[in-house]
Amino acid sequence: MRFKKDKGGNPNKLGHDWKLCLQALNKVFWKPIHGSDTMIWKNLCLYLEFVWRDCNENLEKLILLSTLWLSFWLMLRVSEPCFLLTHNVTRTRSAFDPSLEDLQIILFHTKTGKGVFRKQVVKIPLCKPKKDRWRQTPLYWLNFMENIRQQYPSHFFFAGTDGKRLNSTRLNTFFRTTLNKWKNEIRKTNRKLFDIISIKKFTYHFLRSTGLGVGYDSGIRVTSLKFTSRHSKNSSVTEQSYLSKSKENAVRETRHCWNSLEDLDNLKLYQFDVCNI
């Protein structure tokens, strides 16, 4: 292959053919990036309930916790809640039953669409809580944030009480700090769970991938999951990356739990508590 110089004749710049060569080599030698691991529903709830206690009724921390929960239910990337506008978060009536409510958000972001307006709509049902699971529902955190925005108005839905836009650095820091605190706690109180969690890699993106995995395990079709996660209808990313990783982790954790018969109740609870997104 002959490599051409750029039109400007600058030898320090890669020519078009050289770029094509690098792209071809990249396809041959590229290996998938592991990314973030996922959690099963039960462990996700244990982690976020710990964060609830750790917040100790601090409003600023509770706003960040609401961001974690709604990032899970809406399958958001870390930057997306930061730019979510208040007027783009609405309650709508279900098309199938007007007595039921849905949560609808509109996202504008560089990775949420390749069209002219880069606009995407996400809609999920506002499920009613089961027993004492009220804080694990999107309805609870939507109510909480609506009350926050009434008391402390802001153009940005997840802004703090000062009205300033949330940034991804602060959100990531809060996530890493609370995750490490939780790990330290379960190291002392639940060694079995710690042994499972400690070998895994978690980034903020785990909320999105766990949302896909929990949705799949609860019986939601892959096409519906693609709609919520905003993956293309023909994309293989949903199945090959997110769902395959979730199933792999679930099998590993199930095998670990089956080593002790009394933990079978936890497996039943895991299946029962999964809310349909």
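Reply: A charge sits over a ring if NZ of Lys or CZ of Arg is within 6 Å of the ring centre and within 35 degrees of the ring normal. Arg 165 meets this over the face of Phe 83, at 4.4 Å from the ring centre. The model is predicted: local features need pLDDT of at least 70, side-chain atom pairs need 80 or more, and totals for chains, interfaces and linings use all residues. Numbering runs from 1 along each chain as its sequence is written, and side-chain values use heavy atoms, without hydrogens or water.

Now the ring pairs. The structure holds 17 aromatic pairs (Phe, Tyr or Trp rings, the six-membered one for Trp, with centres within 6.5 Å; planes under 30 degrees apart are stacked, over 60 edge-to-face, the rest tilted). Phe 72 and Trp 73 pair edge-to-face, at 4.9 Å centre to centre and 65 degrees between the planes. Phe 72 and Trp 73 are both buried (under 20% relative accessible area with a 1.4 Å probe, protein chains only; exposed is over 50%, partly exposed in between). Tyr 140 and Trp 141 have ring centres 4.8 Å apart and planes at 80 degrees, so this pair is edge-to-face. Tyr 140 and Trp 141 are buried too. Ring pairs also link Tyr 47, Phe 175, Trp 182, Phe 202, Tyr 204 and Phe 206 into a cluster.

Next, Ser 154. This serine sits in the loop between helix H4 (138-151) and helix H5 (168-189) (DSSP runs from the N terminus: helices H or I, at least four residues; strands E, at least two). Ser 154 is buried, at 15% relative accessible area. Its side chain reaches the backbone oxygen of Gly 163 at 2.8 Å. Leaving out residues up to four places away in sequence, Ser 154 touches Thr 86, Arg 149, Ala 159 and Gly 163 (heavy atoms within 4.5 Å).

Helix H4 leads on to the sheet. H4 lies across S1, S2 and S3, at about 130 degrees to S1 (lines fitted to C-alpha atoms, for helices over the stretch in contact; angles from 0 to 180 degrees between N-to-C directions). The three strands form an open antiparallel sheet, ordered S1-S2-S3 (strands pair with at least two DSSP bridges). S1 (89-93) and S3 (119-125) are edge strands with a single partner each, so one side of each has no neighbour in the sheet. Neighbouring strands are turned by 30 degrees on average, direction ignored. Seven bridges join S2 (residues 101-108) to S3. Leu 103 stands opposite Ile 124 in S3.

Notes
A polar contact is a pair of N or O atoms within 3.5 Å; within protein, one must be able to donate a hydrogen and the other to accept it, and residues adjacent in sequence count only if both atoms are side-chain atoms.
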